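Q: I am new to reading protein models. Can you walk me through a few features, one at a time?

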Amino acid sequence: MEQPKEREHSFKKFFTTLFGSKETQQQEEKTPLLEAPPAGCTPAEPVQPADPAQLPPIPDALSQLWQRWAGPGTPPVLSLAANASRPLPLTGDALEREVKKIYRRLDQDARARLLKILQEPEGDLEAQCWVYMAKNGLVAWAFLVPPQKSEGTLAKETIEAALQEEGVTTGIDTGLVEELYQSKAYFVLRPVAWGTPVVEGCDGKIVPRFQPQEEPKALEVDERGEVDYRAQSYVRHVQKGDVICDIVQPEPGTDGMRVDGTPIHAKAVQPAKVPAGSNTTLSEDGTQLVATMDGHLEFKGSVFEIKSFLDIPGDVDYSTGNVDFRGDVHIAGDVREGFIVRATGKVTIDGLVEAATVEASGDVIITKGVLGDNRALIKSRGTIRAKYLENCVAYAGDCIYADCIVSSQVYSDAKIQVVSGRGTVIGGTLIAAERIDAGIIGSQAGRKTEITLGILPYVHEEQRNNEIDLQAIHAELEELDKSLHYLENRGMDASTEKLAKLRLRKSVLGLKENKLIKRQLELDQQIPDLSKCRLSCGTLYPITILTVGESVRTIEQTWTRCTVIYNVEDQEIQIS
């Protein structure tokens, strides 16, 4: 009978053979799972995994099972992707973790089977099927282990029962199961069931036609290789009906299914948050954000807004570029030298205007005034109001109001009033259709000042501009007629694209020509009434030249509290 010490030694040797010593186990735990094979596995040559889907050489317990079945030799290197009919639904870190998990489970199952064999060397264990399901449930593998004796059998029901025990009920490749059963592919890891991956949907999104932050415009280089950075404007015009942004509707996802029959629900999709601000609206089908009025487009607080006025918080300079706006403009600072401000509405400037251009269809209000350096132009179809006008040119379709006018050319189709503040006009030229009122005109130093009444300067300016435009149109029409005559005489088909473009251009120019001619006739009818012309002045210094109609009078003495009128019958200028 075996002694207790010998029996203890025998069991110790048995468990050491099966599981390894405590020191060996600790060493194995420190060894990375995807590096060198564990102790006890002795392939002919070390085999390193080619990719993360490939397991390291089989562990010690599984190697012993292999050798009991196949005899001495190099155990196989397993792979999660071997004979897969489709790509594995695992990548990156998830695949790495799955490799490690299956490695451990294979080792555990192999040790358990080997323990039974060692306990019952003459036993008759049947073939087994071990099934491993991925953590995400989208794939399951089968691993066939041969029977303990060569004459053992593998039943198809063994594979099916193993799948059932692991909970694999859906997506089973029955053809592959049949193949495994028929071929008895032992020690091969094969994917046998595939789940249906979830197809995630897409949230709704906004595709702007106008970027929230205006991108810098491409600047042109002139013939001297210079770039005018003032031409870059941050104003973004939109018209009523313009599409501001497109709204892409959300696309729901498709649910998936795990191999254990558990559905995988796609994430709920969210509609796009429409950036609708003031003066914008959604289209009827909800796919576009549309402007409801003409104006300036701004992006504030995550929404698009359209304003009928443009508010510039500082100066008009290189930070803003030139301003060209359809509507009213408010400038909190100054208009710097060389810049241009144009508006179809009113322009209000809290600061001053340097050697710059300001043009408006409405009124122009300049709180401080104009220091023009003989290069500033102020032009308004309405009224011009300024603290002072110095070394500049100013045109107004209506009245002009200022505290002081120095060495400037000032034109009004109504009246010019320089009565508030200093109320002084020194040098330059003042032309008004009806009247001029001032506190002081001229200076004691004899500064030449020209005053003209009874002329519509703004009308005359428009007539001159229209005449220039008409001359350009006539020149282009003449060239078009020559081109059309040449092409038609060559017998070219009248429907050709080039002929069609030339004829369309001629038609457009004809419409422009008729419109300008009609406007010129309207302007010709505007004739001022000389009998209503009047100059009122507190002090009138020489040398001041007065002109009314065809009459001219030079002031050679100082007049105080005087009034100048035009006697239509005598056609003379009278001072009283």
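A: Start with a cut-off. A residue is buried under 20% relative accessible area, exposed over 50%, and partly exposed in between. Keep in mind that this is a predicted model.

Q: How is Asn-391 classed by its relative accessible area?
A: Its value is 21%, so Asn-391 is partly exposed. Asn-391 lies in strand 24. Its phi is near 50°, a positive value in a residue other than glycine.

Q: Is Asn-374 buried or exposed?
A: Asn-374 has 62% relative accessibility, so it counts as exposed. Asn-374 also has a positive phi, about 60°, although it is not a glycine. Look for it in strand 23, residues 369–380.

Q: How much of the chain is buried?
A: Buried residues make up 41% of the 576 residues. The accessible surface comes to about 31200 Å², and 49% of that belongs to carbon and sulfur atoms.

Q: How many helices and strands are there in the chain?
A: The chain has eight helices and 36 strands.

Q: Now the aromatic rings. How many aromatic pairs are there?
A: Two rings pair if their centres lie within 6.5 Å. By this rule there are nine aromatic pairs. Take Trp-66 and Phe-187: the ring centres are 5.5 Å apart and the planes are at 85°, so the pair is edge-to-face.

Q: Which parts does the pair of Trp-66 and Phe-187 tie together?
A: Trp-66 lies in helix 3 (residues 60–70), and Phe-187 in the loop between helix 6 (174–183) and strand 5 (189–194), so the pair ties together parts that are 121 residues apart in sequence. Both residues are buried. Trp-66 and Phe-187 also belong to one aromatic cluster with Trp-69, Trp-130, Phe-143 and Tyr-186.

Q: What about Tyr-395 and Tyr-411?
A: These two form a stacked pair, 4.6 Å centre to centre, with 15° between the planes. Tyr-395 is in strand 24 (residues 384–396) and Tyr-411 in strand 26 (residues 409–412), so the pair ties together parts that are 16 residues apart in sequence. Both are buried.

Q: Which residue lies over the face of Tyr-395?
A: Lys-379 does, at 5.8 Å from the ring centre. Arg-385 lies over the face of Tyr-401, at 4.3 Å from the ring centre.

Technical notes:
Residues are numbered from 1 along each chain as its sequence is written. This is a predicted model: local features need pLDDT of at least 70, side-chain atom pairs count only at pLDDT 80 or more; totals for chains, interfaces and linings use all residues. Side-chain values use heavy atoms; hydrogens and water are left out. Helices (H or I, at least four residues) and strands (E, at least two) are DSSP runs, numbered from the N terminus. Buried means under 20% relative accessible area, exposed over 50%, partly exposed in between (1.4 Å probe, protein chains only). Accessible areas come from the Shrake-Rupley method with a 1.4 Å probe; for residues, only the protein chains shown count as cover. Rings of Phe, Tyr and Trp (its six-membered ring) pair if their centres lie within 6.5 Å; planes under 30 degrees apart count as stacked, over 60 as edge-to-face and the rest as tilted. A charge sits over a ring if NZ of Lys or CZ of Arg is within 6 Å of the ring centre and within 35 degrees of the ring normal.
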